[in-house]
Amino acid sequence: MRYISTRGGIEPLGFKEAVMMGLARDGGLLLPETLPTIDASVLDRWQNLPYQYLAREVLSLFIDDIPENDLEDLVERSYANFAHPQVTPVCKQGDVYILELFHGPTLAFKDVALQLLGNLFEYVLTRTGGSMNILGATSGDTGSAAIAGVRGKGNINIFILHPHGRTSPIQALQMTTVLDPNVFNIAVRGTFDDAQSIVKEIFNDLAFRDAYQLGAVNSINWARVLAQVVYYVYAYLKLRKTGSDSVDFSVPTGNFGDIFAGYVARKLLPAGCIHTLILATNANDLLTRFVTQGDYSRGQVIATSSPSMDIQIASNFERYLYYLRDEDGAAVKRDMDGFAATGTLDLSRFKDRVARDFCSRSVSEAETNQTIGDFYREHGYLLDPHTAVGVKAALELRDPQRPVVCLATAHPAKFGAAVAKAIGSEPTLPPALAGLASKESRCAILDADTAIIRDFIAQNALK
Ligand SMILES: *Cc1c(COP(=O)(O)O)cnc(C)c1O
């Protein structure tokens, strides 16, 4: 399997190179040259596989430059830290199925991808004799999942900036109580935007970036999307076993990452297996406007109770645009250049095609709060605010002819305050979070000054 850029400007690469490159050199995103497909006989063969075995089967359709035994070992180690034997179990609650993606070490769905990505980085670096310094900014979830993915690895150091005092206390502790010597938390005296722009400036310093082998773990890495394709197939097979050949999924999304994985899964499976992908957004409704009106234009970021979806530029959107543009890299480049310049992109002429791939709804704060409360009273099951956005969209848009699977992207205890507002009390902390406050923590508190932070990285980086 070779990988190409959505903007058509690079020579095809192998999977390992694609993982190490992250963003394509021409500014585009990496995608397989052709998307693999399977037929129903393969589904029969996969039907009863445990998660890890299924993951190996799905991944090997996209990866041909890692020997089978090595891939098996990578997958095994990546999901060994999940607290549930099924890794991503499915349960039925009332009219919907819930796909629980929060049993990883940091209790959010990003673990599914970042546990694998950390192991892939280590695997490739061990063989090339290289090292890497990962740099990123986080408002909460991504940072802790990235740290959990690479802690303790010998050839990787990780530097994660978060806004001092502005993440939830639990989110900060999930990062700062990781004491492995390769983990460097930096609390920036400023906002998330300050942290983010410092990271961008440092990445744009090409001499520094090359000297320290800076790497990123943001959601544009193809391996992250690929790891997420697996749980769609896994959940589909669970429902197929109960007699449902055609299933819908509801996905709370902001960056278009998780829903794009669903799109790849839908192309992989025989036609009709995944019928509709419901794209759920919070008050930041950029993607809903795109699906319902063909209008892709940036707005102001609104702070909500589902902060991991408070996004106005969907970093994975370009991957879908590539297919909408019939795999024409030059057209994608024109579109994205236009969007960068004006902040808007009129795709209304593709509306009918988009409507065959997705339906979408934006869910308000009041609806999110109401859904958490109603769902708890009716089913005794607690939703985190991100999951509640997807459940509300599913309840509104689902077709009673088919089952709908709602992706549960975070454990409710991670967003205890929002849950308490809906049900009157904080959820009980699971063991992974309960002891955090009394643990030792380590964190550098630095001014929001690029030079100071660059110096800190230079002093602590692997060379
Ligand atoms: C990151 C995140 C999302 C959104 O994921 P996308 O990659 O934007 O689709 C949803 N829920 C939670 C809890 C997250 O951490």
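In what order do the six strands of the open sheet stand? In this predicted model, the order is β3-β4-β14-β9-β10-β13, and the pairing is mixed. Strands β3 (90-93) and β13 (358-362) form the edges; each has a single partner strand, so one side of each is left without a neighbour in the sheet. On average, neighbouring strands are turned by 25° against each other, direction ignored.

Within this sheet, β4 (residues 96-100) and β14 (residues 404-408) are paired in the parallel sense over four bridges. Leucine 99 has leucine 407 of β14 as its bridge partner.

Two helices lie across strands of the sheet. Helix α12, comprising residues 286-293, lies across β10 (274-281) and β13, and runs at about 135° to β13. Helix α17, comprising residues 385-397, lies across β4, β9 (247-252), β10, β13 and β14; its angle to β10 is about 125°.

The ligand is surrounded by 14 residues, of which Lys110, Asp141, Thr253, Asn255 and Thr409 are the closest. By residue class, this shell consists of four nonpolar, seven polar and three charged residues. Of the 390 Å² of accessible area that the ligand has on its own, the protein covers 98%.

How values were computed: Residues are numbered from 1 along each chain as its sequence is written. This is a predicted model: local features need pLDDT of at least 70, side-chain atom pairs count only at pLDDT 80 or more; totals for chains, interfaces and linings use all residues. Side-chain values use heavy atoms; hydrogens and water are left out. A residue is near a molecule or strand if one of its heavy atoms lies within 4 Å of it. Accessible areas come from the Shrake-Rupley method with a 1.4 Å probe; for residues, only the protein chains shown count as cover. Ala, Val, Leu, Ile, Met, Phe, Trp, Tyr, Cys and Pro count as nonpolar, Asp, Glu, Lys and Arg as charged, and the others, Gly among them, as polar. Two strands pair if DSSP finds at least two bridges between them. Axes are lines fitted to C-alpha atoms, for helices over the stretch in contact, and angles run from 0 to 180 degrees between N-to-C directions. Contact means heavy atoms within 4.5 Å.
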